[in-house]
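Subject: Structure for your files

Hello,

Here is the structure I said I would send. My notes on the contact between the chains follow below it.

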Number of protein chains: 2
Amino acid sequence: MKDIAKEAKVSLTAVSLVLNDKDTRVSESKKAEIKRIAKQMNYRPNSAAVSLSKNVSYNVALIVPDITNPFFARIVREITTFLNTKGYGTLLVDSDNSYKNEKSALQNLISRGVDGVLLVPSNEIFSENQTEVTKLLQNLAKPLVLLNAYTTRKVSYVNFDNVKGAEMATQELINYGHRQIAFIRGENNFVNALERYEGYENVLKKNQITLNQNLVFRGDYSMESGYRLAPDILKNRQITAIVSSNDLMLFGVIKWAKEHQIPIFKRLSMIGFDNTPYTEILEVPLTTIDQDTEKMATDASELLLKMIQTKQKIVKKIIIDPILIRRQSVWKR
Amino acid sequence: MKDIAKEAKVSLTAVSLVLNDKDTRVSESKKAEIKRIAKQMNYRPNSAAVSLSKNVSYNVALIVPDITNPFFARIVREITTFLNTKGYGTLLVDSDNSYKNEKSALQNLISRGVDGVLLVPSNEIFSENQTEVTKLLQNLAKPLVLLNAYTTRKVSYVNFDNVKGAEMATQELINYGHRQIAFIRGENNFVNALERYEGYENVLKKNQITLNQNLVFRGDYSMESGYRLAPDILKNRQITAIVSSNDLMLFGVIKWAKEHQIPIFKRLSMIGFDNTPYTEILEVPLTTIDQDTEKMATDASELLLKMIQTKQKIVKKIIIDPILIRRQSVWKR
DNA sequence: CTGAAAGCGCTAACAC
DNA sequence: GTGTTAGCGCTTTCAG
């Protein structure tokens, strides 16, 4: 900048003003001259200096439990792309589904000077000491938006209507004559898992089917957990259908069944959650609940940017409706 | 820092020295006192100030073509996790497989002050004006390591031995009696695609099978491109086996076959590339070429950090051997 | 062993 | 319309 000023024979102020388009004061001729020289010298502002001076970094933190899960991968892609067009960079952290990592990432990122954080929380965070978590989330020095979770805390979030999603899935199976419907749910404390389970319960009750806890299985949203659950699910011959809280756990069940030569697609109707791309290449394409990750990503990013730019604490709750995607894994029993 | 200095009745210098463990000079008692107070005040250095002063940011850029592709997702996870343990943050950009995006990201990230960049290049970059690309990559102001690509430029990279991988795949099929082996390759200019094709050619020649260009199909590594290619591949009834340059394109073929009720798993032997997790849940688990993404990620990250920390330009080429994972999609014809 | 002070590159309040 | 200058929070040189 100094060089530009010297070259253009103006002050640093003028250069700064012009290059930031706050050129209300500078004369047109100088303006043009400064811009020309800046371009010619291929000037790039030093972002550390800008940050130090303005106390903003134009970086946002994004924390996800597992980037390898296609559902999260989609979210990450939408968010980074969106933020990029708005002039923000994305610092990505994979928390490996661990609260400990989330916590240290949160602190680390704040001191890295991010302007705000987008948090897709782990399951674990909800099993922790909740007053500590509240403190962590509410007293964060920077704006925060939660994705794919809800909370009663004074924190913004955008989430899917999980109750509704699970209701649609369960009802679909009942409509096809199923009554012994297994449900693969997530961890006890994970709020979305609770909601999905609630949807399952609701629909059973509405259809006067008594809830049987032997049909409820508990995983952690990973393919491995589905794989682990598979033998128990498949040895219960009463079960005619499965609703899974996500596609991945169902994939795990399918993997186990394949390995043990069980014709699972012939035996069971199945509905997943997330509409991952791989649902379409299975032996029988999977019916699933689709969630509009793009909307989630842009809604959350926009909200965060608004908080950052207006410097206001906004507590807003956004809930997105899921959609039932009918393919071929459900049929009359 | 000022507060700590005041509280401890020492100078700013002392505080800085102690907190950075350059405490060769400060007395033990003061040292302890300063650390105590810093912890008590929950002191976090302002990273913008550190950056400005030291001219480093402890941030690294990571550019990938498509985070949604499980192969890249795995790389991203390994890299972010590894860099995190070394005290570096990761600025992630999804280039959407476009050279234009890569180029602007590269410039944008540099001016964001990253200390170095890890680039998993798009296919497109190799179809561009190559003198421009050379200029872009070689004259980058910061250390650069390429992943999943090779180059004759003075640029470091970590890549798989693609020739060997494709050779293993093709030979495996020949060993099982196949001779009309289709090959799904990537774009013309993408170096890895070229290498894989070369491996295919090599093995045909070695086995005295004449290369038939009608058996070579060209995709872009996306599931969609496989889907597009499927009708042409499947209508050629001579073909008894497929080698695909990645799993995803094969998934696309499988998807199309499913939709058109073609029993592809009965008709064709198939081998993919990448060993994505979903290869195991298909109707017939897929034989594939596994690439050690973790090694690639850590090798590349370590190399980059070395360049950053020693401030030396290192041009090192690392090549990793792939492994053939035998599952059930290959059988005697 | 310790501290004062210059400086990193930029912004913005202030004075002209 | 224009320029001077005081910071932003930290590191590091230099003088004691």
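A:R77 and B:D66 form a salt bridge, with the closest N and O atoms 3.6 Å apart; the term stands for a side-chain nitrogen of Lys or Arg within 4 Å of a carboxyl oxygen of Asp or Glu. Four salt bridges are found across the interface of chain B and chain A.

This is a predicted model, in which local features need pLDDT of at least 70 and side-chain atom pairs count only at pLDDT 80 or more, while totals for chains, interfaces and linings use all residues. Residues are numbered from 1 along each chain as its sequence is written, chains are lettered from A and ligands numbered from 1 in the order in which they are written, and side-chain values use heavy atoms, with hydrogens and water left out.

On the chain B side, helix 5 of chain B gives the largest share of the residues that touch chain A, namely seven (helices are DSSP runs of H or I, at least four residues, numbered from the N terminus). The residues on this side comprise 22 nonpolar, 13 polar and 11 charged; Ala, Val, Leu, Ile, Met, Phe, Trp, Tyr, Cys and Pro count as nonpolar, Asp, Glu, Lys and Arg as charged, and the others, Gly among them, as polar.

In total, 46 residues of chain B and 47 residues of chain A take part in the contact (heavy atoms within 4.5 Å). The buried area between the two chains is about 3900 Å², with 58% from carbon and sulfur atoms; this is the accessible area (1.4 Å probe) lost on putting the two parts together, summed over both.

Regards

Technical notes:
Helices (H or I, at least four residues) and strands (E, at least two) are DSSP runs, numbered from the N terminus.
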